[in-house]
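Visitor: I would like a close look at one part of this model. Please go on from there to its other helices.

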Amino acid sequence: RSSDLITKFVLERLRERQEPIPSEDITVVAQRIKERYCYIASDMAKEFNKYDNDLPNHITQHEETNRRTNAKYTIEVGYEKFLGPEIFFRPEIFSADWTTPLHEVIDQVVWSCPIDTRRALYRNVVLSGGTTMFQNFDRRLKKDLKKIVDARAREYSKQSKDPNREIKYEVNVVAHERQRYAVWYGGSIVGSSPEYQTVAHTKAEYEEFGPSICRRNAMFHSVF
């Protein structure tokens with residue numbers, strides 16, 4: 001999961017700097033730092049320069065209490081504040097196997113849909129899940145996705161050979177107050193619908209057919 005990878009990244013940076021964190025606390029502390037201080041930079045290179053040119057003013061002092069001894073200690077939080085969430089936009093920092101950034105994944109998914117649905121989909125990219133709650137997530141995703149969409153639209157406009165024809169796509173990323181738990185709201189709506197009992201698999205069915213039954217669902221009328 002991306003959330004775990006970000007926590008791991010923060011943890012490794014703290015260890016590299018040999019921050020004075022008791023071993024029994026380090027995972028919890030890394031998670032707290034991720035949730036309290038991490039944010040999405042609009043441009044990673046520019047953010048690096050800001051830190052490099054004035055590092056003391058970009059360091060955050062984080063106070064913690066040892067869970068075992070109750071002794072207080074302070075650690076410094078720096079570059080990992082914006083580097084951690086870059087997994088969404090620069091995944092090659094974290095992995096050599098998964099290198100496609102989120103905005104490209106979204107673009108590929110939308111472009112694989114029927115042509116008459118694409119404009120509506122680009123207008124309604126709805127964020128869901130705790131890791132989309134980072135500050136500026138919606139702005140960065142919109143900016144990077146719009147670059148891809150606008151570049152393709154310009155290319156298609158040129159290919160049309162009609163000087164009066166300009167192809168445009170509206171890109172909109174929707175952040176909302178129920179964003180953190182949107183998946184559970186969706187599940188709750190499905191679960192409370194009258195049709196749910198006709199499409200849900202029972203425990204007895206699962207025990208009879210095994211995990212493969214999860215690949216078949218009457219709701220979608222197909223096999224995945």
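Visitor: On the other side of helix 3, which residues are exposed?

Guide: K46 and N53 are exposed there. Exposed means over 50% relative accessible area, buried under 20%, and partly exposed in between (1.4 Å probe, protein chains only). This is a predicted model, in which local features need pLDDT of at least 70 and side-chain atom pairs pLDDT 80 or more, while totals for chains, interfaces and linings use all residues. Residues are numbered from 1 along each chain as its sequence is written, and side-chain values use heavy atoms, without hydrogens or water.

Helix 3 spans residues 44–53, and its buried residues are M44, E47 and Y51. They cover an arc of only 60 degrees around the axis, which puts them on the same side of helix 3. The arc is that of the directions from the helix axis to the C-beta atoms. Helices here are DSSP runs (H or I, at least four residues), as are strands (E, at least two), numbered from the N terminus. Helix 4 (80–83) is among the elements that cover the buried residues of helix 3.

Take M44 as the example. M44 lies in helix 3. Its relative accessible area is 13%, so M44 is buried. Leaving aside neighbours within four places in sequence, M44 is in contact (heavy atoms within 4.5 Å) with F82, L83, E86, R90 and I93.

Now helix 5, residues 102–111. H103, I106, D107 and V110 are buried in helix 5. Seen down the axis, these buried residues fall within an arc of 100 degrees, so they line one face of helix 5. The cover over them includes helix 6 (118–123), strand 3 (125–126) and helix 7 (137–160).

V110 belongs to helix 5. At 6% relative accessibility, V110 counts as buried. Beyond four places in sequence, V110 touches R118, L121 and Y122. The C-alpha atoms of V110 and L121 are separated by 6.6 Å, and the two residues are 11 apart along the chain.

Helix 5 and helix 7 pack at an angle of about 50 degrees, with their axes 9 Å apart. That makes helix 5 oblique to helix 7. Axes are lines fitted to C-alpha atoms, for helices over the stretch in contact, and angles run from 0 to 180 degrees between N-to-C directions. Under 35 degrees counts as roughly parallel, over 145 as roughly antiparallel, 65 to 115 as roughly perpendicular, and the rest as oblique.

Helix 5 passes helix 7 in a right-handed crossing. Right-handed means the near helix is turned clockwise from the far one by less than a right angle, left-handed anticlockwise. From helix 5, the contact takes L102, H103, E104, I106, D107 and W111; from helix 7, it takes F137, L141, D144, L145, I148, V149, R152 and Y156. These residues divide into nine nonpolar, one polar and four charged. Ala, Val, Leu, Ile, Met, Phe, Trp, Tyr, Cys and Pro count as nonpolar, Asp, Glu, Lys and Arg as charged, and the others, Gly among them, as polar.

D144 sits in helix 7. D144 is buried, with a relative accessible area of 10%. H103 is itself buried in helix 5. From D144 to I167 is 19 Å, C-alpha to C-alpha, and 23 residues in sequence.

Compare the pair at the start of the numbering. Helix 1 (residues 2–16) and helix 2 (residues 26–37) pack at about 110 degrees, with axes 8 Å apart. That makes helix 1 roughly perpendicular to helix 2. Their crossing is right-handed. S3, I6, T7, V10, L11, L14 and R15 in helix 1 meet I26, T27, A30, Q31, I33 and K34 in helix 2. By class, this contact has seven nonpolar, four polar and two charged residues.

Two loop residues remain. Q18 lies in the loop between helix 1 and helix 2. Q18 is not a glycine, yet has a positive phi of about 55 degrees. Q18 counts as exposed, at 68% relative accessibility. N136 lies in the loop between strand 3 and helix 7. N136 is not a glycine either, and has a positive phi of about 75 degrees. N136 is partly exposed, with a relative accessible area of 25%.
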